[in-house]
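Work through the exercises below with the structure in view. Each task is followed by a solution in steps.

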Amino acid sequence: MTSVPSIVQFDRVSFAYPARAPVLQCVSFDVPKGDLLALVGRSGAGKSTILKLVNRLLLPQSGRVEVEGRDTREWSGIPLRRRIGYVLQDVGLFPHMTVAENVGLVPRLEKWDPARTRTRVRTLLDLVGLPADAYAARRPHELSGGQRQRVGVARALAVDPPIMLMDEPFGALDPITRVEIRREFTRIRRELGTTVLLVTHDLSEAFALATRIGVLDDGELIVCDAPEVVAASRDPRVRKFLDTVTPLP
Amino acid sequence: MTALLQFWSSHLGELLQLVRQHLMLVIVSTGVATAIGLPAGILAARRPVIGRPLLAIANVAQTIPSLALFGFLLPLPFIGGVGPRTALVTLTLYALLPIVRTTVAGLRSLDRAVLDAGVAMGMTASQLLLMVELPLALPSIVAGVRVAAVVGVGTATIAAAIGAGGLGEYIFRGLSMVDTTMILAGAVPAAVLALIVDGALAALEGVMRAERPRPRTLAAAGLGALVVVVALVSPAFAGRGGAVVTVGSKNFTEQIILGEIVAQAIEAEGGAVNRKLNLGGTFICDRAVRSGDIDVYVEYTGTAVTAVFHDTVPHDPVAALDLARRRYAAAGLTAGDRLGFDNTFAILVRGTDARAHGLRSIDDLSRVQTDWTPGFGYEFLQRADGYPGLVKTYGLSFAHAPRAMELSLIYKALASRQVDVIAGDATSALIDALDLVRLDDTRRYFPPYDAVPVVRTAALLQHPIISRALRRLAGAISEKDMRAMNRAVDVDHADPRLVAKRFLADH
């Protein structure tokens, strides 16, 4: 396929919550460094579970999940998570902290010196289009939904993590803001060379952003390939999914 | 109103001292309860298996009446005893529930997404707690501390019953002297104090909800609070050292006067005295003298034999004293010589009723029992030598069940026609003042209640001045003397200290 080494690797991974039907069945895929893998599929197909297996919020029942060539069973959760940015749909900004404190949180956990953290926070806020002078001292409730999303992205990028996990990060935004923030996000990603796993139910978003698209159906990964390959797939299950959801823009 | 202002201005120093003690009780107990309740609340929120029984225990502790809790704690070593310690333990127990409960509620109501974000960012459990969970739950926790402190201001008034001081001292003193002004002198500042505490903590809570205070602001506030506490507490505890003999008394006028007389007699012999007067009923005084919290108090022979030793009182006064002495000796206590008067029970009715129905003796009550409501103190209703024996001996059966009431309220209740017959003290000043008539105990139902000092034998041996002082008092106080002194305090509102001083000057 490609000579770039995989940074995230799933090898026949199955997962089920106790006493429930399996969420993932024998899922295998590689994410090469610098790629953006978009995971699509109906709700409950297992998309978010894949993200939680990457940052070790969950461990697989069988198979292996490797991050940077190491089984997540061997990673300790805390250092692993500090190398992985995580952006959630409802952002989860800390309401009692300012924008700057939110963005500077992981550097603080990593015991950076305050001056370095301050510089980093300014850089990141500029990067996501929220000038530090105007926004650093505000609190989350003083921001619009789109601005909160940007802060969420900036926070996830704070220690320049090699991997970003994004769970419906742009879901709650109006269409114009969404287009704007996607464009910016792509720029940032290219600039930093971050590897991204993106969960979305919006196919147009997947095709607009991804270098690879994985379609999940009932816990199975039925295709995982470049967007144009997925779009041209003749697999009836893939076709059924592509045709039943919103057509491409 | 003017009487109240006059009282405050003439007792200003004492008032401030009581306010200080009161605040000290509330601040220390709320502080300790927060220090215990916060970690307990965190644990309870994390582990429902521990949390549920913990909350259940705190709930139960809350439902125990405070006086019962005081009585229960008094005999315990280390945490018990007469004075601020027992009060602090009780108040702390009461403050725990609201703090634990709001800590649990605050932690459980946090936004899941925010916590998930913290975990996913690689926070350790303790970082999540300190940086996210506690700051977000803080307003809720402060609300719990606020409830605890306000309830504490109210409950602390009861602490005076076990000698812990505070504004309850005026309330109890006022109750026992039937002095409304003095009751208000304690109750009004207590209410104002509750409002101030509530307002101050409400403001703090508001600040926290609006914006997270900077650590520096918090540190400054904490330091400020510490300074206030130290300033309040140090004078409250000052003057406790150096006392040699501790004199106690029960919570009614005669006992307070007798306590003062004993205290001043010891002082006249050159001893230093720590007064723990107004301590509650027989039970509390007995516990206190046995545990060494007080060295001496005045007891009545009949009460000692029945209520303390659960025995039958001989109707001969000398035999009764001998029995009490023997029993006390076995407990390491010494019953001294009779002070000279017998404060036996007196069955009292209104003078108007006595004249209208021609009532002269207790037997005559059978003629009016179908309409009348008796009213008795809690002790009298319970004790074998109280109400149950009385109705049996005289074959009485009142149509209405007797009403139980605080001893200090009983004379007023009779005069204001809330009850029709009461059991009072033979030496009460109010008998004449309220136009009451004492019915003759023709069947000699009531045993002798000769007043005798009860002293810890160890203290007696250690401080010979006690014996000298008590020898001076033996047989010195007649029933007439006692009634006059009670009248001076109860009716003319004289200071018990001065009444005792005048008595000793004349004898």
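**Exercise 1.** Which residues make a nonpolar surface patch of about 300 Å²?

Solution. The patch is made by B:Leu184, B:Val188, B:Val192 and B:Ile196. Patch residues have over 30% relative accessible area and no salt bridge, with like charges joined within 9 Å and nonpolar side chains (Val, Leu, Ile, Met, Phe, Trp, Tyr) within 5 Å. Accessible areas come from the Shrake-Rupley method with a 1.4 Å probe, and for residues only the protein chains shown count as cover. B:Val192 is partly exposed, with a relative accessible area of 41%.

The model is predicted: local features need pLDDT of at least 70, side-chain atom pairs count only at pLDDT 80 or more, and totals for chains, interfaces and linings use all residues. Residues are numbered from 1 along each chain as its sequence is written, chains are lettered from A and ligands numbered from 1 in the order written, and side-chain values use heavy atoms, without hydrogens and water.

**Exercise 2.** Describe the interface of chain B and chain A.

Solution. Start with area: the two chains bury about 1800 Å² between them, 68% of it on carbon and sulfur atoms. Then count salt bridges (a side-chain nitrogen of Lys or Arg within 4 Å of a carboxyl oxygen of Asp or Glu): there are zero between chain B and chain A. Last, find the elements: α6 (112-120) and α7 (125-155) of chain B each give two or more residues to the side that touches chain A. The most comes from α6(B), with six residues.

Definitions and conventions:
Buried < 20%, exposed > 50% of the residue type's maximum accessible area, 1.4 Å probe, protein only. Buried area = accessible area lost by both parts, 1.4 Å probe. Helix = DSSP H or I, 4+ residues; strand = E, 2+ residues; numbered from the N terminus.
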